Amino acid sequence: MPLDLSTSARWDELLDERGEPRPIAKVLLHHLEELGAAELQERQDLAELDILALGITFTVYSDGRGIDRAWPLCVVPRVIAASEWRRVSAGLTQRLEALNRFIDDLYGDQEIVRDGVFPAELLEGSANFRPECVGARPARGVWAHICGSDLVRHHGRFMVLEDNLRVPSGVSYMLENRVISKRTFADLFEEQSILPVDDYPSQLHALLSSLAPASPEPPTVAVLTPGVYNSAYFEHSFLAQAMGVELVEGRDLFVDADDLLHMRTIEGPKRVDVLYRRIDDLFLDPEVFRPDSAIGVPGLMRAWRAGTVAIANAPGAGVADDKLVYAWVPDIVRYYLGEEPLLENVPTFRCHLEDERSYVLDHLAELVVKPANESGGSGVLIGDRATREELRAAAEAIRANPRNWVAQPILDLSTVPTLCDGRLEPRHVDLRPFTLQGATSWVTPGGLTRVALRQGSLVVNSSQGGGSKDTWIVEDETVDAEDGTGPG
Amino acid sequence: MTALLSRVAADLYWAARYLERAEDTARIVREHTNLIIDLPRRSPLTWEPLLALTGSRAAFDARYERADEESIIRYLLTDPEHPGSLASSVIAAREDLRTTRQVLPRLVWEAVNDLYLFVRSHGADGVERRSRSRFLEQVIRECHLVRGVLVTSMSHDEAYEMLSLGANLERADMTTRILDTRAVALLSPGTIELDTYRNVQWTGVLRSLSALQMFHRAMHRPVDGPSVVRFLLTDRHFPRSVAHCLRRIDEGLARLPRNAEVRTVVDGVLESIVDRDAGDLEAEGLRTRLDEIQLGLAALHDRIGGVYFTGTPDA
């Protein structure tokens, strides 16, 4: 199959610099060649029909109304060698362990601040530090049980771009992509060993059950969703169904005078032991956070602090996924674990440090400048695409309030051949694996690969024309079977 | 196995009602179309009884200028502004099931989603007379498919019973409505100029409930008014007879918690159906009786909501 790489001199996941298949992608690319363009397009069309028929959707908002769109999937997968993935996976586990130690410390004795490793003023300026959580003691000191990391491959090396510790989403699409992918390339799943991903719901269920404070057997676990109009509702429902637990909304729950959490059922009130919440901290409990929250549960924080219910991720866990904290993660790993980080950070310049700031101001046109406390893409300046006026404004903003800004090099995301109008063309991708931490840790084999469908674009968000791919972790060496224990 | 959430119970109950309503509407429109084609042009049967059936005459008049075939059929099948239209019912059922997907087998959601996609893309076929039957039959088939998947792949647990309550209550409601609008008129002397077609119309009443064949098997007699009324109200075995629906509701309630109060209401409605003389099968007597049954069904609906959908502790 003709593959046009001329538009890109970048690092491709399946092809090397000469346009030859990488060893791990040989089987796949050979198969695609045998299929030919027409047959591949036909399989893509069938996959799209399946997605429609299975009702795999995501919600986009326009004119204040949510519209269900069919989930965009390019059937050509991204392939990663299992040997490489094991290193990434160890890095993710290490990183989340360190972040949990960090969060537990911040809400406890703040030793990292006293030891001068993490600056006190950053904590004071953090939008996600919750004074309401100080002194709380979640089981095993774990606050962030589920982490969705954003990985990019910059010049061939995996780097962490973001740690999402609040309510990361996307895992259901990873699972659905595999369902479709197996139908599309059934023969390839026989031919090589592609690590299965569908263990995720049982791993998650085991993790959540293990958090139950008092232990009725089995504990009652519920997924808390903002409701059907939330853009991730499909996933909330999917996970509840896959785990066989209740999907609840705030109005289904109440906390009684004894600080016990209950759900309203046809038999009357029923005690809840573990809440996997998919709503932000500030909406969790109108008694403590935003009083206008209609999706939360009055008294939930009382119940959590009293230890009668576990909440995953724990309230306040988001303190560690702010862009400034991110810049400190390598130090955080060294401080708590006494180990070198196994996974790289994207180099990040912290504008409140004088030498880093002056570097940023001198090199604005080569950098991406980001506000430290905003989520999503708002306020981001991409140096090589900005006008002179924009650059001047950014420099002023940085000088006025250095603590609000960080800067990173403009990333050169890797590409994967992607079906565009019947042809395979390189398109940029990122990767969101999910890491679970309870008594032990577990990482999804692979994750959700998001792809920017427009040529040259780096925007992979599905709400902005991004697509997705299945991620195949393919066994490339004989290894001992991994032990099957999960978090929990 | 955790107890069913009150909100989910309510959504399941309503989803089943909407699906049943969509299927019933499809069947009624199909049979009415067939009947009108069968009857001579000068027959007084019009499209308007369809409006009375769905209890929506005033709302229709506010939106359409003429009560002609196209307007009425559009109103009943595809009008997105009419909450009782077939399309609106399917959308509402799908919305309710969206929030209950975690208690349903995935196949159920897929089947409902298929139905929704079909109605969305082929709704206009239902308005055109020449493609109408094919469209409506497909809707009915897809509804059967949903029910088939439910019966064969969903655990017959509390969630299932909630669906079953909703479906049976809607079915009982629809049967009484059909009797109210069609049977009462047919029993009234002089309202039909062409007596010859009376029995054709009684047959139509049975057909609109897919009841003709079962009527013959149960009654062993030609179609006549009083027998049709008796069959549709009291037959123990026909799944759309009011008595049968109520007995199914009672059996379902027996498998649900906190059922005493609701079952008392069911008993009350059953009494008003069964314990009467045949003398009541006159137009006026029937109307009074149907009113009583309708009130009973409304009370039953309220009590189911009060006990199961609010999540409050036992009083």
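Start by selecting B:Ala9. Leaving out residues up to four places away in sequence, B:Ala9 touches B:Leu4, B:Met162, B:Tyr308 and B:Phe309, and also A:Ile266 from the other chain. Keep in mind that this is a predicted model.

**Stop 1: the core around B:Ala9**

Now widen the selection to the nonpolar core. The largest one has 223 residues. B:Ala9 is among the residues with the most contacts inside this core, along with A:Ile103 and B:Val228. Colour these three residues and leave them on display.

**Stop 2: chain B as a whole**

Switch to a cartoon view. Chain B has 14 helices and 0 strands. Follow the chain along its sequence and the pattern reads α-α-α-α-α-α-α-α-α-α-α-α-α-α.

Next, check the dimensions. Taken along the principal axes, the C-alpha atoms of chain B fill a box of roughly 60 × 50 × 40 Å.

Colour by burial. Of the 315 residues of chain B, 46% count as buried. Then draw the contacts between residues at least 6 apart in sequence. In chain B, 67% of these join residues at least 24 apart.

**Stop 3: where the chains meet**

Bring chain A back. Select the contact between the two chains. Chain B puts in 23 residues and chain A puts in 22 residues. Which elements of chain B give two or more residues to this side? They are helix H1 (6–38) and helix H6 (106–127). H6(B) gives the most, with 4 residues. Now colour the chain B side by class. There are 9 nonpolar, 6 polar and 8 charged residues on the side of chain B that touches chain A.

**Stop 4: A:Leu239**

Move over to chain A. Select helix H8, residues 233–243; A:Leu239 is in this helix. Is A:Leu239 buried or exposed? A:Leu239 is buried, because 25 other C-beta atoms lie within 10 Å and a count of 20 or more is what burial requires.

Show the partners of A:Leu239. Setting aside neighbours within four places in sequence, A:Leu239 is in contact with A:Ser172, A:Pro201, A:Leu204 and A:Val223. Finish with a distance label from A:Leu239 to A:Pro218. The two residues are 21 residues apart in sequence, and their C-alpha atoms are 18 Å apart in space.

Notes
Residues numbered from 1 in each chain as written. Chains lettered and ligands numbered in written order. Predicted model: local features only at pLDDT ≥ 70, side-chain atom pairs only at ≥ 80, totals over all residues. Contact = placed C-beta atoms within 7 Å. Nonpolar A, V, L, I, M, F, W, Y, C, P; charged D, E, K, R; others polar. Buried ≥ 20, exposed ≤ 12 C-beta atoms within 10 Å, placed from the backbone. Core = buried A, V, L, I, M, F, W, Y, C linked by C-beta atoms within 7 Å.
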